[in-house]
Amino acid sequence: MALRAVSVLKRGLGGPGAGLLRSGTFLLCASQHRLEKMPSSIGFPATSRPFSSHQILVDVNQNLGVATIKLKNPPVNSLSLELLTEFVISWEKLENDKSCRGVILTSNIPKIFSAGLDITEMCGKNAAHYAEFWKAVQELWLKLYTSNMVVIAAINGSSPAGGCLMSLASDYRIMADDPKYTIGLNETLLGIVAPFWLKDTLVNTIGNRASEHALQRGLLFPPADAFKIGLVDQIVPEDKVQSTALSMMSEWLTIPDHARQLTKTMMRKPTVDQLLKQREADIQNFVGFISKDSIQKSLHMYLKFLKERKG
Amino acid sequence: MALRAVSVLKRGLGGPGAGLLRSGTFLLCASQHRLEKMPSSIGFPATSRPFSSHQILVDVNQNLGVATIKLKNPPVNSLSLELLTEFVISWEKLENDKSCRGVILTSNIPKIFSAGLDITEMCGKNAAHYAEFWKAVQELWLKLYTSNMVVIAAINGSSPAGGCLMSLASDYRIMADDPKYTIGLNETLLGIVAPFWLKDTLVNTIGNRASEHALQRGLLFPPADAFKIGLVDQIVPEDKVQSTALSMMSEWLTIPDHARQLTKTMMRKPTVDQLLKQREADIQNFVGFISKDSIQKSLHMYLKFLKERKG
Amino acid sequence: MALRAVSVLKRGLGGPGAGLLRSGTFLLCASQHRLEKMPSSIGFPATSRPFSSHQILVDVNQNLGVATIKLKNPPVNSLSLELLTEFVISWEKLENDKSCRGVILTSNIPKIFSAGLDITEMCGKNAAHYAEFWKAVQELWLKLYTSNMVVIAAINGSSPAGGCLMSLASDYRIMADDPKYTIGLNETLLGIVAPFWLKDTLVNTIGNRASEHALQRGLLFPPADAFKIGLVDQIVPEDKVQSTALSMMSEWLTIPDHARQLTKTMMRKPTVDQLLKQREADIQNFVGFISKDSIQKSLHMYLKFLKERKG
């Protein structure tokens, strides 16, 4: 759906657009002011204020009001409890910074955006740990999906399961067009089931039928197919992912923040409320499932299999 | 979605279709009777009974049982309180006329279908006026979206905001294929937010993701892109818009009215009920928003800007 | 949507996929075990245990764990009460057979998948009969839509109304690509209205707008158009329908049953619950409608018309 959509603003005030603006609609000064503050060309920041934690690198371009978050948890950006915790702390810092209007979410590791949840967090630990971990996974989704900032996912590598979750919770998804990379929710393939709120997010994005099909079969889509079903909004050559994200961000930031935020909330609130009102039950459901002897046994065998392969 | 859909009736009674009709399905005589009454070729009406008000022109082709409503509020068909009031009165007249089975909705002004709500109704007036205006906007949507008649929008020009609302509330949308024209809900671009029931109508038409994207960014789509995402059903050269609307209407009118109306109600009632059960709250929400000092100040400045451009 | 979706498993453990499996995700042994049991090539079954009733032919391939159900009610596979009853009995037998993991649903009659409900069941009988018949129609849908087995529709001929219902309730739809065949819910064309749960199933499959359009107009789609709107998932030459169904089934059966079943339930339960909680009201609604003098008169006249054509 990367369409040649044309805004009244971009078309200028000549032609039919002018008539529209003149008599039927209006333009708030607040938004004009914002537009005037935007740089006329998007380049690399003059000033940049990086702040980072162990697994989360953050660059803030204060001129543009745009932050870039890079995931850095080698080898495959597994979503460990540590990473999730650092992510949420960094996110809140940005959300509370009124000068920051947009975030580009990307990976610092070549070929992989994120491989999804860290299996070692779900294996051989106690129920309290599983609960803490799952609550952090929920929190990741809540922070992303309800953000007041414009969130653009610059998907510069494979993005299964939890990687796809982060992409889906963004406002716009740009993926590197390399058929070696795939994106999707492959939970069933691994014997597990996506949580209902992740299913809802997928349905909101690609519709009911495509979701049912993809979720039942655990399908992972190469970029071209992901684009075709609307799982990503745009595919570009790998070396254009970051620059495209920045230029799309500048498009999004022409929209007055307040009206955009209210619109986003109107669209997403029903889905978010479903989790908020049964968050604890969702945690208990996960803990119960993951604690089963059969599941734990399988996880242990799989970890052992992985270790032997490495060794 | 202008597909080569083939109905049993059109395919005649030979071939496999015949078998279907013979043993597994049935055809009510009522509908056959209606079909026989339909003229074999669609041409311009032999007899026509025009009735008009100041801003709404109505032609009724009694042979076909089809009315054409033309909006006429120069320069850009702004939806003023007067136009809305006249529209609803004309509409009710048609709805109560049992011989009228379909309405074609179009513009009497070149290049513009409708520019949307009239800004002067929302600026410098009192709360009672804003409330009356918004109730009229709701009523426009309710009349269109719940009509027992087949409603076809012949979109012969640009159609932002309120113009798009009228199109979306129709049963079928045909747009002039001129890239200078655009259609969409550009509210955020202007600092405001589409009401929830208009958002629901958009979601019902183009799905959740395309709606979220278009609404957040206030996108206006040229005809080809509008067609691609399903915002309009058909695009034709500008000089074919009216004739295509008439010939599509004849297709729709081959369907027995009662079954079609029950089906339409089944599809749209949940969305309509959402507004009906919070109509007053929706009015108060609009009045509260539009009465804000900051909004009024912006509107005044914008109107002044428009006057200076004209002068 | 027959995409080139690539699963981690199929891509092997080399390349970036390996990294994903190694650290971020896991693979239950149960599912691996199932994979190892799957034959490396799909051919015709070595052993086959057919069981049939009068109108339902069942073949079970015990090696593959796949059954094939063929409808056989000449001339057009009308869904009579007898056929529906036999179908449900056969279905329950398969559902209770733990070795049976998938069902291919097809027709034993050339050129027709099913013409839909048998009109003679709805004409000149008493209310108790209509109620029994409608309950059987509901049961057909419930059995198909909630099945624990993978259900693939091999649509080898026309599939209007009730035929389309069976297809929609499957997990995957493959249709013979012959433009003489059509599929769709043409109820309004015949003066009747699809029940709400069938409408819901259509919306779940092709979305709200395409459903509204198709249902209001009673559209029947040739295979290419049905594929374009997502009413079927794949179109293949007529002589490839059965083999494609079998090879797609083998794809679906690589997914661990339990995770796939839970996912399917998560997707479909809300729709199913709507019928379950008002099943009796839905029956009474049908009985009331079909018992009307005007409807019965039309049905009698139509049956007479059919007899005269035959005679």
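## Salt bridges in the model

A salt bridge here is a side-chain nitrogen of Lys or Arg within 4 Å of a carboxyl oxygen of Asp or Glu. The structure is a predicted model, and the count by this rule is 45 salt bridges over all chains.

## A contact between chains

Asp233(A) and Arg209(B) meet through their side chains in a salt bridge, with an N to O distance of 2.9 Å. The pair joins two chains, because Asp233(A) sits in the loop between helix H9 (223-228) and strand S12 (234-236) of chain A, while Arg209(B) belongs to helix H8 (residues 208-217) of chain B.

Both partners are buried: the relative accessible area is 2% for Asp233(A) and 4% for Arg209(B). These two residues also take part in a network of salt bridges that links them with Asp171(A), Arg173(A), Lys264(A), Arg268(A) and Glu212(B).

## Pairs within chain A

Lys143(A) forms a salt bridge with Glu92(A), and their closest N and O atoms are 3.4 Å apart. Lys143(A) is buried at 17% relative accessible area, whereas Glu92(A) is partly exposed at 35%.

A further salt bridge connects Asp178(A) and Lys180(A), with 3.1 Å between the closest N and O atoms. Asp178(A) is buried, its relative accessible area being 15%; Lys180(A), with 40%, is partly exposed.

Note on methods: Residues numbered from 1 in each chain as written. Chains lettered and ligands numbered in written order. Predicted model: local features only at pLDDT ≥ 70, side-chain atom pairs only at ≥ 80, totals over all residues. Heavy atoms only, no water. Buried < 20%, exposed > 50% of the residue type's maximum accessible area, 1.4 Å probe, protein only. Helix = DSSP H or I, 4+ residues; strand = E, 2+ residues; numbered from the N terminus.
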